[in-house]
Amino acid sequence: MIKQCNTKALQSTMTLNPLKIGPYKIDHQVLVAPMAGVTDRPYRQLCRAYGAAYAVSEMAASNPALWKSVKTSQRLNHKGEPAPIAVQLAGANPAMMAEAARFNADRGAQIIDINMGCPAKKVCALAAGSALMGQESLALSIVDAVLEALAHRREPVPVTVKMRTGLCTANRNVRSLALAMQSLGVSMIVVHGRTREQGFAGEAEYESIRQVKEALSIPVVANGDIDTPNKAREVLAQTGCDAVMVGRAALGKPWLFAQIAADLNGQGQLAEPSLESLREPMKAHFEDHLSFYGEASGLRSIRKHVAWFLPQWVRLSGLQQVNDLPAPIWAEDAVQHFYRIDSSAAQSDFLDRCFSQLINQDKPLKPLLTQAWPIAA
Ligand SMILES: Cc1cc2nc3c(=O)[nH]c(=O)nc-3n(C[C@H](O)[C@H](O)[C@H](O)COP(=O)(O)O)c2cc1C
């Protein structure tokens, strides 16, 4: 039976299969992947509201010189976020990483995640992120230093590591490295089923992840290309992992977390939310984003989110045509138009009109958009 995506009802009825990270019990096994530039606090809260059980904050710099930057202090802002607060650190210097771990724990981080999975040049040029997969002794020194820095706190702060399968196909060392990290005292390992060399190309493979799970006794999380409840079920069956982590597939459709969780927990297939039910939460998310970043920066950073959301809204409307345009073209034009709007009030008004246009499909609100928006001119 298909149920409507009502996350509150979902949360109250699910027989959950919890995951433990150190002392922290995570409600179920569907987690949000950290994505720099995306998983800011408003986005994490949106994902949690739509059913994700756990969200790690995007990468925080381990270099103290950067801690006073606006970007880092925004990343340290966890106001209103549900526990446990998890912060990911990236860096290649064990002492700096230890200091960063302490600094973040002092500011509310309850779990520290170490990034050994990011292939971004900016990160890897410093031999951090996934480059650490090729420098095992440095990688282990970092983990050791961070664990030591957090060892004697009143509240325990478990350390987790997010890794890739290795540097390249010829050197898939994730199993041995993860085992060594477990011996040091790491509480959970996440594995993205690609090598560093692959970047995001090709398909994720799960055999290496299965081998990690088989070898370890701490929780292991599978990540990479999980985009449907079926795929999540298959990956869990294939790897035996304790949880899945989802990144790109939920961009624009955060309810995917609830759908996967419901399916994995025997709640059946959860239907997509109605467009009407999204209107207010989307408005709230837009406002949350703007107040988090401020008008000048927020009106720019919200654009990419809208570029992910708008095609989903159009899809949910079920319309083939909008304003005499094929629906996907209308969505593309709407996104392009949104990118040109330079005030948050006008953005908000535009999004509201998009909802009206899509929802009132049977009584078209004649050129709602076209006056201010010369589509297909
Ligand atoms: C825009 C973007 C930013 C990312 N930033 C990070 C990051 O800061 N830290 C990290 O560990 N992984 C990062 N990743 C990798 C994701 O966490 C995840 O491992 C990867 O996208 C594969 O999962 P998916 O197929 O579900 O997206 C990023 C991915 C994307 C697309």
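1. In total, 22 residues surround the ligand, and the closest are Ala33, Met35, Ala36, Gly247 and Arg248.

2. A word on the basis. This is a predicted model: local features need pLDDT of at least 70, side-chain atom pairs count only at pLDDT 80 or more, and totals for chains, interfaces and linings use all residues. Residue numbers start from 1 along each chain as its sequence is written.

3. Overall make-up. The protein has 14 helices and 14 strands. These are DSSP runs, numbered from the N terminus (helices: H or I, at least four residues; strands: E, at least two). Of its 377 residues, 45% count as buried. Buried means 20 or more other C-beta atoms within 10 Å of a residue's own, with C-beta atoms placed from the backbone.

4. The largest nonpolar core has 82 residues. Such a core is a set of buried Ala, Val, Leu, Ile, Met, Phe, Trp, Tyr and Cys residues joined through C-beta atoms within 7 Å. Helix α10 (residues 256–264) gives the most to this core, with seven residues. Val30, Ile112 and Phe257 are among those with the most contacts inside it.

5. Take Ile112. Leaving aside neighbours within four places in sequence, Ile112 is in contact with Val87, Leu89, Ala101, Asn104, Ala105, Val146, Leu150, Val157 and Val159. Contact means C-beta atoms, placed from the backbone, within 7 Å. A second, separate core of 20 residues includes Val314, Phe338, Cys354 and Leu358.

6. Helix α14 (residues 344–359) has 16 residues. From first C-alpha to last it reaches 22 Å, close to the 22 Å expected at 1.5 Å a residue. The expected span is 1.5 Å times one less than the number of residues. The buried residues of α14 are Leu351, Cys354, Gln357 and Leu358. They lie on the same side of α14, because they cover an arc of only 120° around the axis. That arc is taken from the directions from the helix axis to the C-beta atoms. Their cover includes α11 (275–293), α12 (295–317), β13 (321–322) and α13 (327–340).

7. Leu132 sits in the loop between α5 (121–124) and α6 (136–149). Leu132 is buried, with 30 other C-beta atoms within 10 Å.

Key: Near = placed C-beta within 6 Å. Buried ≥ 20, exposed ≤ 12 C-beta atoms within 10 Å, placed from the backbone. Contact = placed C-beta atoms within 7 Å.
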